[in-house]
Amino acid sequence: MRIVIKIGTSTLAYATGHPNIRHIENFCKVVSDIKNAGYEVIIVSSGAVSMGRGKAAVAERPTELSMKQALAAIGQCELMYTYDKYFGEYNHTVAQLLLTAHNFIDPQQYENLISTMHKLLEMGVIPIINENDTVATQELNIGDNDTLGARVAVSVNADLLVLLSDIDGLYTADPNKHPEAERIARVEEITPEIEALAGGSASKVGTGGMTTKIEAAKIATSAGTDMVIANGKDPAVLYDVLEGKDVGTKFVGRSLT
């Protein structure tokens, strides 16, 4: 079984921009165990800009594009160093891929991307993917890693896309404002009513929100890939997702036959 796991900034880093070492270490441990069980795993990881902030001691998340790109360049080194360290402790090798929208649009680049990812998986390597924020322009910007995760999942014919977020799933209303809101366990079809439930991002360090997750679900499910939104505060939730337990919200992939 091939799975793509997208992990958000709020799970990887504190509001200060410094890495949440406990969460990252636990995440790498769980993913390593999943790999040992025979799953093929691709990670789409946010966190570069935030970790760049922490490394460069920049107090607030920047709004200027050039500053964001500079911090992404700094933070990407920190991010991959951290992944390499913790996955290495469990005898797993990681590889970095930095992508822009052009890699999915240009036929030759797309073919090369797919070939590279398949070769890495064949070698038992864990590809870790992020948007190439240091060079992406508005025209080449994917925009968020939920969408990137969906595009990656479709490109490698993944069986499952898991979006680890700071919320337990899709709710009937915003649970931060409506305590009575109920989690929706399963979505068979993305209707206008489902889309209307999407709100903004609850995190101060991430860029995504429920809207981007619904868009990611459209991309993934239309290609036949199941998608689950789950809370990433405890990476062990991945075991529950893979065992089919009632956690998060599952969007059912549509059959292509």
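**Burial, helices and cores in a predicted model**

The structure holds 0 disulfides, a disulfide being a pair of cysteine sulfur atoms within 2.5 Å.

Colleague: How do you know that Cys-28 is in no disulfide?

Modeller: The nearest cysteine sulfur to that of Cys-28 belongs to Cys-77 and is 17 Å away, whereas the definition requires a pair within 2.5 Å. Cys-77 is likewise in no disulfide, with the sulfur of Cys-28 as its nearest, 17 Å away.

Colleague: On what basis do these values stand, and how are residues numbered?

Modeller: This is a predicted model, in which local features need pLDDT of at least 70 and side-chain atom pairs count only at pLDDT 80 or more, while totals for chains, interfaces and linings use all residues. Residues are numbered from 1 along each chain as its sequence is written, and side-chain values use heavy atoms, with hydrogens and water left out.

Colleague: Why is Cys-28 called buried?

Modeller: Buried means under 20% relative accessible area, exposed over 50%, and partly exposed in between (1.4 Å probe, protein chains only). Cys-28 has 0% relative accessibility and therefore counts as buried.

Colleague: Is Cys-77 buried or exposed?

Modeller: Cys-77 counts as exposed, because its relative accessibility is 55%.

Colleague: How do you know that the length of helix 2 agrees with its number of residues?

Modeller: Helices (H or I, at least four residues) and strands (E, at least two) are DSSP runs, numbered from the N terminus. The expected span of a helix is 1.5 Å times one less than its number of residues. For the 16 residues of helix 2 (residues 21-36) this gives 22 Å, and the end C-alpha atoms are 22 Å apart, so the two agree. Among the buried residues of helix 2 are Ile-24, Phe-27, Cys-28 and Val-31. Gly-38, which follows helix 2, has a positive phi near 110 degrees.

Colleague: What makes helix 3 largely enclosed by the rest of the structure?

Modeller: Helix 3 (residues 48-56) has 9 residues, of which 7 are buried, so the description applies. The buried residues of helix 3 include Ala-48, Ser-50 and Arg-53. They pack against helix 1 (9-12), helix 2, helix 4 (65-88) and strand 4 (126-131). Just after helix 3, Ala-57 takes a positive phi of about 55 degrees.

Colleague: Why is Ser-50 called buried, and which residues does Ser-50 touch?

Modeller: Ser-50 has a relative accessible area of 1% and is therefore buried. Contact means heavy atoms within 4.5 Å. Leaving out residues up to four places away in sequence, Ser-50 touches Thr-9, Ala-13, Tyr-14 and Gly-17.

Colleague: What makes Gly-149 a buried residue?

Modeller: The relative accessibility of Gly-149 is 0%, so this glycine counts as buried. Gly-149 lies in helix 7 (residues 145-155) and, beyond neighbours within four places in sequence, is in contact with Val-4, Val-44 and Leu-161.

Colleague: Which residues have the most contacts inside the largest nonpolar core?

Modeller: A nonpolar core is a set of buried Ala, Val, Leu, Ile, Met, Phe, Trp, Tyr and Cys residues joined through side-chain atoms within 4.5 Å. The largest has 39 residues, and those with the most contacts inside it are Val-4, Ile-129, Val-152, Met-227 and Phe-251. Elements that each supply at least two residues of this core include strand 2 (40-45), helix 7 and strand 7 (226-231). Helix 9 gives the largest share, 5 residues. Another core, of 29 residues, lies apart from it and has Cys-28, Val-31, Tyr-83 and Leu-238 among its members.
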